[in-house]
Amino acid sequence: MNEPSPTPAAVAGTLYIVPTPIGNLSDLSPRALKILDSVDLIAAEDTRTTGSMLGHFGLRTRMTALHEHNEEQVAGTLLARLAEGQSLALVCDAGTPLVSDPGYRLVAAVREAGLPVIALPGPCAAVTALSAAGLPSDAFSFFGFPPPKPAARRQWLSEHAYWPHTIVLYESSHRIQGLADDLAQALGADRLVAVAREISKRFEQHWRGSAGELPEWLAGDADRLRGEFVVMIGPGPARDTQAHIDALLRPLLRDMEPSRAARVAAEALGERRNAVYRRALALAEAGDSQAPEA
Ligand code: SAM
């Protein structure tokens with residue numbers, strides 16, 4: 001590890017991305033505190049939420065609002081301030097800006113203008129939850145919030161049933177039960193899943209088990225449905241592509257010509273049509289139930 005450096009104040013003309021606590025105010029780092037104290041302006045998702053955090057630390061830095069509805073316009077003004085040599089900090093209500101939160105457009109604009117962007121390491125619900133989940137974490141995919149409507153959510157989960165890495169999702173208390181019910185249905189009751197609830201807060205909980213057990217665990221105590229959630233899904237089973245193609249082609253071949261069956265199967269499985277067609281011909285020639293080895 002390098003020598004600990006002194007906590008530097010903000011540098012002129014720099015945009016700082018500053019993560020803030022997701023529950024426990026002690027998680028604001030000394031460096032984050034120094035930057036928030038020394039920048040000329042803080043761009044905050046909600047100035048009231050950030051204002052109360054700043055008040056807790058005795059900071060009085062000026063703020064402006066930057067949220068998903070005004071980011072496009074505000075980005076231009078903030079860019080001009082940076083170009084004039086002002087220093088800025090970007091914060092969201094809690095956690096790391098840009099992670100399921102606004103800021104991407106601003107950062108892209110500042111980078112395109114060739115001005116410096118410095119991101120401070122700090123609280124992020126997704127990474128904190130994953131690090132405590134006990135699910136494979138060498139590779140993982142973060143997808144933010146799943147589709148809110150049940151039909152679209154089930155479809156999304158089915159499409160990701162064979163995803164080879166741990167999936168990390170955010171979910172609100174209104175939808176956690178619906179998501180839990182859909183997990184077992186779309187991915188199978190045995191799929192390993194984990195939930196982190198109210199991280200760094202008083203009633204923090206981390207649960208790990210099978211998709212089939214999750215609805216029961218949630219229903220076990222009314223409090224378990226409250227608060228903020230990160231839901232994680234363990235890696236999917238290896239997809240035996242050939243077995244999948246055959247399983248779909250066989251019934252189709254009973255009613256369709258090989259070319260049509262191949263088109264339907266290729267589209268449903270996202271496979272190349274030519275390869276599926278060759279397989280359909282082989283199955284058809286052998287009689288649909290007697291599959292030759294591929
Ligand atoms: N940018 C934030 C981050 O770095 O984690 C996430 C913002 S996103 C709008 C809010 C969602 O993050 C919540 O709905 C919940 O899914 C998750 N989240 C935030 N704080 C959490 C906490 N303390 N415990 C569990 N999940 C949390």
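**Domains.** I started with how the chain divides up, keeping in mind that this is a predicted model.

**Where the ligand is.** Next I went looking for the ligand and found it in the largest pocket. Domain 1 (15-123) and domain 2 (126-233) both contribute residues to the shell around the ligand, so the ligand lies between these two domains.

**The shell.** I listed 19 residues around the ligand, and T96, V99, D101, Y170 and F229 come nearest. By type, I noted 11 nonpolar, three polar and five charged residues in this shell. I then checked strands: strand 7 (166-171) and strand 10 (229-233) each provide at least two residues of the shell.

Which residue has a side-chain N or O atom 2.8 Å from a nitrogen atom of the ligand? I found that it is D101. For the oxygen atoms of the ligand I turned to the backbone. A backbone N or O atom of A125 sits 2.8 Å from a ligand oxygen. At E171, a polar backbone atom is 3.2 Å from an oxygen atom of the ligand.

**Cover.** On its own the ligand has 580 Å² of accessible area, and the protein covers 91% of that.

Methods:
Residues numbered from 1 in each chain as written. Predicted model: local features only at pLDDT ≥ 70, side-chain atom pairs only at ≥ 80, totals over all residues. Heavy atoms only, no water. Near = heavy atom within 4 Å. Polar contact = N/O pair within 3.5 Å; in protein donor to acceptor, adjacent residues only side chain to side chain. Areas by Shrake-Rupley, 256 points an atom, 1.4 Å probe, with all protein chains shown as cover. 1 Å grid on protein atoms, 1.4 Å probe; cavity = no way out; pocket = protein on both sides within 12 Å on 5 of 7 lines; lining within 4 Å. Sits in = over half its atoms within 2 Å of the grid points. Helix = DSSP H or I, 4+ residues; strand = E, 2+ residues; numbered from the N terminus. Nonpolar A, V, L, I, M, F, W, Y, C, P; charged D, E, K, R; others polar. Domains from an automatic or database assignment.
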